[in-house]
Amino acid sequence: MSDQISNTTVAQGAMQMFLEEYCAAGIQALLFDTDDEVLSLHIDMHELFEFNHELAMLLLELPSKFLPLFNIACLAVQRSLKQLTTVSGSICTVKEDAQVRVTHLPNHPTLQRTRVPGSEDVGRLLSISGTVIRTGLVKMMETHRVYSCTKCRGVFSVNAEIEQYNYIPKPVRCLVPGPDFCNSTAFVPADSAEDSQRCVDYQEIKIQEQVGRLALGTIPRAIVVVLERDLVDKAKSGDSVT
């Protein structure tokens, strides 16, 4: 399995095995939460390294590809555990929007930072410590837009680009997955039950490097961080965060 772990299907299967073995209690908390207060599942990187070193390294190097796969795996494990749950009188619901969040990155200078990351770190998973110096208002962000192809009648979605200020580009061709290639360039916004799930709360905060961890005479730099979903309103100015 380790030789093929970069394959999406194999990786997702390994993720489900990891979640079932190491995160069963957290997933149970997701299922039995009735107030939508528990919408995150935290995974410990040390445990992931213990389970599958190659999968952990791929998550560090390609988080934009493998974190969404972890969200899909979390959803699959929720559905599987729900079918096995037989607790009478309990309300058990699958949290479709649950997010997997990574904690406890290895204590290595390339992963644990006290300085603001540079351009060479784009696309990598890092941990940075700093002090919150500004918090913005909580706003609403459209996460994706669903289209329907007028030729093949298929439905597909286009995700927002966070780096482009949540801009959702208009597709240039049909993106419906399947063996039959559809080269249509005509599509319309789809009317679906997903309408209420296309938007999430988000908040921008600014984090500054902690002066006490810098060399004498070094000017602290700052970086804007985007908080989404259940992370909004969790930090206020003056807080030390990681």
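The numbered points below take up the cysteines and then the aromatic pairs.

1. Please keep in mind throughout that this is a predicted model, and that the distances, angles and accessibilities quoted here are computed values.

2. On the cysteines, a search of the whole structure finds zero disulfides. The cysteine sulfur closest to that of cysteine 152 belongs to cysteine 149 and lies 3.6 Å away, which is too far for a bond, because a disulfide requires the two sulfur atoms to be within 2.5 Å.

3. Turning to the aromatic residues, the structure holds seven aromatic pairs. In one of them, phenylalanine 18 and phenylalanine 70 have ring centres 6.3 Å apart and planes at 75°, so this pair is edge-to-face. Because phenylalanine 18 lies in helix α1 (residues 8-22) and phenylalanine 70 in helix α5 (residues 63-84), the pair ties together parts that are 52 residues apart in sequence.

4. Phenylalanine 18 counts as buried, with a relative accessibility of 0%, and phenylalanine 70 is likewise buried, with a relative accessible area of 0%.

5. Another pair is formed by tyrosine 147 and phenylalanine 156, whose ring centres are 6.0 Å apart and whose planes meet at 25°, so the pair is stacked. Both tyrosine 147 and phenylalanine 156 are buried.

Technical notes:
Residues numbered from 1 in each chain as written. Predicted model: local features only at pLDDT ≥ 70, side-chain atom pairs only at ≥ 80, totals over all residues. Heavy atoms only, no water. Phe/Tyr/Trp six-rings, centres within 6.5 Å; stacked < 30°, edge-to-face > 60°. Helix = DSSP H or I, 4+ residues; strand = E, 2+ residues; numbered from the N terminus. Buried < 20%, exposed > 50% of the residue type's maximum accessible area, 1.4 Å probe, protein only.
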